[in-house]
Amino acid sequence: MKNIQLLIFIIFVNTISSQQLYTFSGIVKDKDSGETLIDATIMISDINRGVTTNEYGYFSINLPSSTYKVIISYIGYEFIEETIELNKNIRENYSLSMLSSELEEVSLSYNYKKLNLRKAETSVHKLNIEEVKSIPMVLGEIDPIKSLSSLPGVSNAGENTIGFNVRGGAADQNLITIDEAVIYNPNHLIGLVSSFNGDAIKSMKLYKGGIPAKYGGRISSYLDIKLKDGNTKHIKVEGGIGVVSSRLMIEGPINNKENGSFLISGRTSYVENVAKIFTDIKGFRLGFYDLNAKVNYNLNENNRLFISSYLGKDDIRWNEIHNDFGNFTSIIRWNNIINNKLFSNLSLIHSNYEYNLKLDYKAMSWESGIKSYNVKYDLSNNYSDVLNIEYGLASTYYVLNPGYITPSEAGSLIVVKKLQDKKAIESALYISADYELNDNISIRLGLRYSMFHRLGNYTLKLYQNNAPIIYDDQLGVYTKGIVTSEKDYGSESIAVFSEPEPRLAISFVLDDHNSLKFGYNRTIQYMHLLSNTISPTPYDNWIPSGKYIEPKKANQYNIGLYNNSDDYIYSTQIEAYYKETKNILDYIDGVDFIAIENVEQNILRGEAVSYGLELMVKKNKGNFTGWISCTISKAKQRAKGDIEGGPGVNNGDWYYSNQDRLIDISIVGMNKLTKRWSTGFNFTYQTGRPSTFPESRYSYGDFLLPSYSDRNTDRYTPYHHLDIFFTRKRKANQRRRWKGEWVYSIYNVYNRQNMDLIYFDNEEEGGSATKFSYFGIVPSISYNFKF
Amino acid sequence: MKAFCILIIVFVLSSCTEIIEVETSSEKERLVIESSFVLGKPITRIYLSVSYPYFEALNDGINPSDVSEVSVTTSKGNTCRYHLIQGDYNYMGKYTYQSDELLLKLDETYTLKIVYKNEIYIGKETLLETPEVNRGNFNYNQGIYSDTTYFTFFFDDLYVEDNFYIIQDYSDRIYYFVDDNNKSDDEVWVRITEFDYSNVVLLNTSEHYQKYMSVLVSQRDVQYDPYANATSIAKGNCYNKTNPDNYPLGYFSVLDEKVIHLPDYIVPN
């Protein structure tokens, strides 16, 4: 506490003692497309101070009156160097040109991809969309979500799994937003491809720790995906034709004044038709599509409006079972430069995730989903050349539909049944200060104060001793508690939670090439995904915290050493982290969460801990670029039964979480062979995931059955594969607008049969274990174009 | 829902299965308890066996000399002792203990006691009445993708509290677990799609037994399904009073079976 007071005092003294300041502000754009550039650097070289542009390309810095040499730069772009006479507020926009390949060879350090040693920001990865495109994925699909697992501390549960895991956290602990709207299911085809069209993505930033106070609601990570705004100068078309899907994007100006643009991108699959070539299987349909649309318009110099929408759907049919699910989001944002020092953004966001199932043989339809309505107001105040303050508020209203059953046809025997909607409001206030204490020390200090109201209009069961789950000592099993009565909450809230979430990051610049950073963040998660299946499924239920379910609370500490080599060819980061989480949900044996009204009868409260060491070495320059990332980590959890009684799970001992991976290695390389040919590879190795195998078998009735051991005491075999690709570009011709390239890729070159699933057969002569691999070697070809 | 999506992807892509060797955790031998207590049948039986290493063939089962008592006590305090019967009744490592002295009655609770290797095992179950089937009919549905024959039958929901029904087709070992979606007023309807036109059995069971059997069926059937419930220990209604950690497997079930003879109903052309 004393340290915080000291910091506030320093900031205060610094502020009042400073001389007359003027503001240098503006927007940095791509010269060719007019697209704003996020995280472009504005360096005031005389005094070694700098700022970066925000997510809307805007920068602002306050400096004492003087003449300064400024350098505006962005990775992969030519930099601009100029002198400014700052004796009044200056507002200037800059347009940077992409580096030509010749210039790239002689570019200065401003243009290099390198680590930001100075910024008090830890455990963050920015993924360039060109890098994402160069990581070969199965069937040649561009997959921004799967490409994340090539980063240290990020893993997935193997092939065909939804979501990803960050530093031992479950998939529901990641906040994924696309232009600020929450995406609940980031994959199509149950994990085969990601929900996002890579062509439309401008930037991806993953916070594994050091999550700024501005963001909250999930405890493990924040994936911030920003879509392109659209080309303000020319109509451009970009697309690709692949084995399972094709995509198309059109962008362009909405008038000839370069003050607005639009972007429409779509993707559709034909995997069903491809499947029919290989098999005569009948009675199925398998498809997906997604659509992004975005318009932005400069109302005037200080006001800009964005309207965007995303729709992604999957449609799967198998004889009498029809299944469709998907996300729909719509967003309106208003950027307002209130004055030279103050930038604001107001966002109104609607997200909707729906899961529908129709069973013809029962003549039954099932609907479930989650809707959210979100308002956010964020302000950024460039207080002085060393202090930037961000503050704001956000509020989200959730409506969760756990299940609505209706007859699907006339004459159906199904009785209409509606599980009660669950409603909640999650709100937060935050303030965050970025302060440069001196040339070597930068601090980011933030506080988020979050509040959660589980709203009424709900009838809740009340239990004897307030225990929804009890332990039967004799049988050694958990059973549902004894219901004493029901309470109709009417307009009264069922539960209210509020919690401060402090965030801290400090950067110590050791010299021109090295820095040491420390981060701490406390994060709270009020919404939980119920899942007791081997892999997350599209129909898993989200539930809010309430009378019986406490919010998850995590504390994460991380420390890292960052290095840019002398010639800026290599950058290295080593980070160690420790994360502890309270109130994770653990489940009683054998529970199935489909269509369960009183989920609290099946949940045990637990805790989790994860820790690890991460290394990432990146080669940023030259014909050959790429990175090696290596993680050594542990992720454990336990449910002691101290609240519910009984021994908990596995006798209350720590056991490995599903996300535990002792070793996780990725090597990604890209090599320009000639002007037209380039190649790349991706190698992944992960320790196998924990699982529960049978300890013995027995006969009951006509059944031969496995008898399982304690939870997660066994493990899959290691998961690894090597993938390569070759790209052949069309011969360069300045007069031709059409630019095309063929991409030939081979996934899993050495035909590794990974253990994606294991199942146990029981025959009289003995049990056997069978492993199932989704993919052996998979060659594919795709064609990408733009004009 | 579940496995079908994966099946599709399996067919499309270069998926592969392979029998492998894996190491399993420490193998513990546990007593397995099974019963055949059916209302109206004069003989009641208890079957005892033991679990054995997963990858080994069926073993010889228990050593009967280790069993010093098998008895069942009614809620009125009458105790009936069970005796090992010799001959063909003992197969698949199971030893059969039987009695013809116990007359089963509805709503009575029965307590099983087994003394095996000097440890006392207890199981308790109440016999619930299963309703008679009111009516039933076959439907033939010409679907977009396939044609299916259904059998739909109706019965009254007998008890005021929640009832837990199981429908089983003995020949194919197919089980249906009836949930609230099948209730219309006080009548329950069930629609089954897989049957062999012989007998189907309706059971009204305890909630524990229904849940236990659904876990067993999922453990028996799990294949190719990443969305199957996570594998777990399945515990029935018996416990080891002497040494709780050495819990038994299996279930002491006491049932009222209502047999539905499908040939009695008209099959569509």
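Two strands count as paired if DSSP finds at least two bridges between them. Keep that rule in mind for the opening stop. Note also that this is a predicted model.

**Stop: a sheet in chain A**

Select A:Ile178 and A:Ala181. Ala181 of chain A lies in E13(A) and is the bridge partner of A:Ile178. Now widen the selection to strand E12 of chain A, residues 174-178. E12 and E13(A) run antiparallel to each other and share 2 bridges. Strands of a sheet pair through backbone hydrogen bonds, either parallel or antiparallel.

Next, show the whole sheet. It is open and has 5 strands, in the order E9-E16-E17-E12-E13 of chain A. The pairing is mixed. Which strands stand at the edges? They are E9 (124-127) and E13 (181-182) of chain A. Each has a single partner strand, so one side of each lacks a neighbour in the sheet.

**Stop: a nonpolar patch**

Colour strands E21 (284-300) and E23 (321-339) of chain A. Each supplies at least two residues of the patch. E21(A) gives the largest share, with 3 residues.

Zoom in on A:Leu299, which sits in strand E21 of chain A. Is A:Leu299 buried or partly exposed? Its relative accessibility is 47%, so A:Leu299 counts as partly exposed.

**Stop: salt bridges**

Side chains of opposite charge can pair when their charged atoms come close. Over all chains, the count is 45 salt bridges.

Pick A:Asp421 and A:Lys418. Their side chains form a salt bridge, at 2.6 Å from N to O. A:Asp421 is partly exposed, with 27% relative accessible area. A:Lys418 is partly exposed too, at 37%.

Move to A:Arg522 and A:Glu499. The closest N and O atoms of this salt bridge are 3.1 Å apart. The pair links distant parts of the chain, 23 residues apart: A:Arg522 is in strand E35 (residues 514-525) and A:Glu499 is in strand E34, both of chain A. Both A:Arg522 and A:Glu499 are buried.

Switch to chain B. Select B:Lys258 and B:Asp256, a salt bridge with its closest N and O atoms 3.4 Å apart. B:Lys258 has a relative accessible area of 15%, so it is buried. B:Asp256 is buried as well, at 3%.

Return to chain A for the network. Salt bridges link A:Glu35, A:Asp179, A:Glu180, A:Lys202, A:Asp229, A:Lys294, A:Arg304, A:Arg333, A:Lys376 and A:Asp378.

**Stop: a negative patch**

Select A:Asp511, A:Asp512, A:Asp566 and A:Asp567. These residues form a negative surface patch. A:Asp511 belongs to strand E34 of chain A, residues 495-511. The relative accessibility of A:Asp511 is 38%, so this residue counts as partly exposed.

**Last stop: A:Asn762**

Where is A:Asn762? Look in strand E51 of chain A, residues 757-763. A:Asn762 counts as buried because its relative accessibility is 13%, and the cut-off for buried is under 20%. A:Asn762 and A:Leu704 are 5.9 Å apart in space, C-alpha to C-alpha, and 58 residues apart in sequence.

Technical notes. Residues numbered from 1 in each chain as written. Chains lettered and ligands numbered in written order. Predicted model: local features only at pLDDT ≥ 70, side-chain atom pairs only at ≥ 80, totals over all residues. Heavy atoms only, no water. Patch = residues over 30% accessible without salt bridge, like charges linked within 9 Å, V, L, I, M, F, W, Y side chains within 5 Å. Areas by Shrake-Rupley, 256 points an atom, 1.4 Å probe, with all protein chains shown as cover. Salt bridge = Lys/Arg side-chain N within 4 Å of Asp/Glu carboxyl O. Lys, Arg positive; Asp, Glu negative; His and termini not counted. Charge placed at Lys NZ, Arg CZ, Asp CG, Glu CD. Helix = DSSP H or I, 4+ residues; strand = E, 2+ residues; numbered from the N terminus. Buried < 20%, exposed > 50% of the residue type's maximum accessible area, 1.4 Å probe, protein only.
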